[in-house]
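Trainee: I have a model open and would like to learn how to read its features. Where do we begin?

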Amino acid sequence: MTIVYESNTGFTERYAKTLSEKTGIEALPLKSAKKAVPKGNDVVFLGWVFANKINGLDKARKLWNVIALAAVGMNPPTEQNNKALMDANKPECPFFYLAGGLDNSKLKGMHKMMLNMVRQSLEKENKPEYKDAIEMFKNGGDWFSEEYLSDLITLILAKL
């Protein structure tokens with residue numbers, strides 16, 4: 001079993017490395033794992049979320065048996081957000097959501113432009129309930145917590 005991850009601004013990588021430390025299982029970025037992990041092997045996949053899509057998941061599914069899936073995003077871990085992610089990505093294994101964060105200094109190209117457009121749209125609507133989201137888009141944030149990994153760690157250790 002291997003932990004495979006696709007990270008954009010570092011939060012998914014941080015979760016994958018923490019998961020590796022807690023379970024003793026090697027964590028590899030998707031690009032490296034393509035060469036190092038034999039096709040068909042069991043993997044735990046962690047991917048960053050953009051527009052409800054778990055990045056790298058389609059590639060991982062084509063290569064390996066994904067036995068657990070974790071999505072890392074900047075939305076709060078709510079039942080509604082989990083349902084939207086599950087509907088969009090159709091997990092065929094246990095699914096976990098890990099609140100990550102937003103590091104504006106690491107955003108590039110289209111992702112940076114799209115998040116700025118969302119922020120500007122929310123600012124124009126000027127609704128009080130969007131205040132926190134606007135601040136997050138402006139200043140970023142870090143919601144990483146090892147506590148989010150507890151159920152995933154329990155699952156992995158039971159499969160070893």
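Mentor: With the names of the elements: helices (H or I, at least four residues) and strands (E, at least two) are DSSP runs, numbered from the N terminus. Keep in mind throughout that this is a predicted model.

Trainee: Where is glycine 140 found in that scheme?

Mentor: Glycine 140 is in the loop between H6 and strand E8, the latter being residues 141-142.

Trainee: Is glycine 140 buried or exposed?

Mentor: Buried means under 20% relative accessible area, and exposed means over 50%. Glycine 140 has 17% relative accessibility, so it counts as buried. Not counting residues up to four places away in sequence, glycine 140 touches Leu102, Asn104 and Glu135. Glycine 101 is 39 residues from glycine 140 along the chain, and their C-alpha atoms are separated by 7.0 Å.

Trainee: How do I describe two helices that pack together?

Mentor: Two packed helices are described by the angle between their axes and by the distance between those axes. Here, take helix H5, residues 109-125, and helix H6, residues 131-139: they pack at an angle of about 145°, and their axes are 9 Å apart. The crossing in which H5 passes H6 is left-handed.

Trainee: Which residues of H5 meet which residues of H6?

Mentor: From H5 come Leu115, Val118, Arg119, Leu122 and Glu123, and from H6 come Ala133, Ile134, Phe137 and Lys138. Sorted by class, this contact of H5 with H6 has six nonpolar residues, three charged residues and no polar ones.

Trainee: Take arginine 119 in helix H5. Does arginine 119 count as buried or exposed?

Mentor: Arginine 119 has a relative accessibility of 15%, under the 20% cut-off, so it counts as buried. Leaving out residues up to four places away in sequence, arginine 119 touches Ile134, Phe137 and Lys138.

Trainee: Where does asparagine 126 sit, and what is its phi?

Mentor: Asparagine 126 is in the loop between H5 and H6. Its phi is positive, about 55°, although asparagine 126 is not a glycine. The relative accessibility of asparagine 126 is 65%, and therefore it counts as exposed. Lysine 90 is not a glycine, yet it has a positive phi of about 45°. With 54% relative accessibility, lysine 90 counts as exposed.

Trainee: What shows where empty space is left?

Mentor: Rolling a probe the size of a water molecule over the atoms shows it. In this model the largest pocket has a volume of about 720 Å³. There are 36 residues lining that pocket, and the closest to its centre are Val49, Gly73, Met74, Asn75 and Leu115.

Trainee: Which elements give two or more residues to the lining of the largest pocket?

Mentor: They are helix H1 (11-23), E3, strand E5 (65-73), helix H4 (79-89), strand E6 (95-99), strand E7 (101-102), H5 and H6. H5 provides the largest share of that lining, five residues. By class, the lining of the largest pocket divides into 22 nonpolar, 12 polar and two charged residues.

Trainee: What is the volume of the second largest pocket, and which residues line it?

Mentor: The second largest pocket has a volume of about 160 Å³. Its lining consists of Glu6, Leu30, Lys31, Lys34, Lys53, Asn55, Gly56, Leu57, Asp58 and Lys59. Helix H2 (30-36) and helix H3 (57-63) each supply at least two residues of this lining. The classes in the lining of the second largest pocket are six charged, two polar and two nonpolar residues.

Trainee: Where does asparagine 55 lie, and which residues does it touch?

Mentor: Asparagine 55 lies in the loop between E4 and H3. Not counting residues up to four places away in sequence, asparagine 55 touches Glu6, Phe45, Gly47, Trp48, Val49 and Phe50. Asparagine 55 has a relative accessible area of 17%, so it is buried.

Trainee: Where does alanine 51 lie, and is alanine 51 buried or exposed?

Mentor: Alanine 51 lies in the loop between strand E3 (42-50) and strand E4 (53-54). Its relative accessibility is 69%, so alanine 51 counts as exposed. Alanine 51 and asparagine 116 are 65 residues apart in sequence, while their C-alpha to C-alpha distance is 14 Å.

Methods
Residues numbered from 1 in each chain as written. Predicted model: local features only at pLDDT ≥ 70, side-chain atom pairs only at ≥ 80, totals over all residues. Heavy atoms only, no water. Buried < 20%, exposed > 50% of the residue type's maximum accessible area, 1.4 Å probe, protein only. Axes fitted to C-alpha atoms, helices over the stretch in contact; angles between N-to-C directions. Left-handed = near helix turned anticlockwise from the far one by under 90°. Contact = heavy atoms within 4.5 Å. Nonpolar A, V, L, I, M, F, W, Y, C, P; charged D, E, K, R; others polar. 1 Å grid on protein atoms, 1.4 Å probe; cavity = no way out; pocket = protein on both sides within 12 Å on 5 of 7 lines; lining within 4 Å. Points joined across faces, edges and corners; volume = space filled by probe spheres on them.
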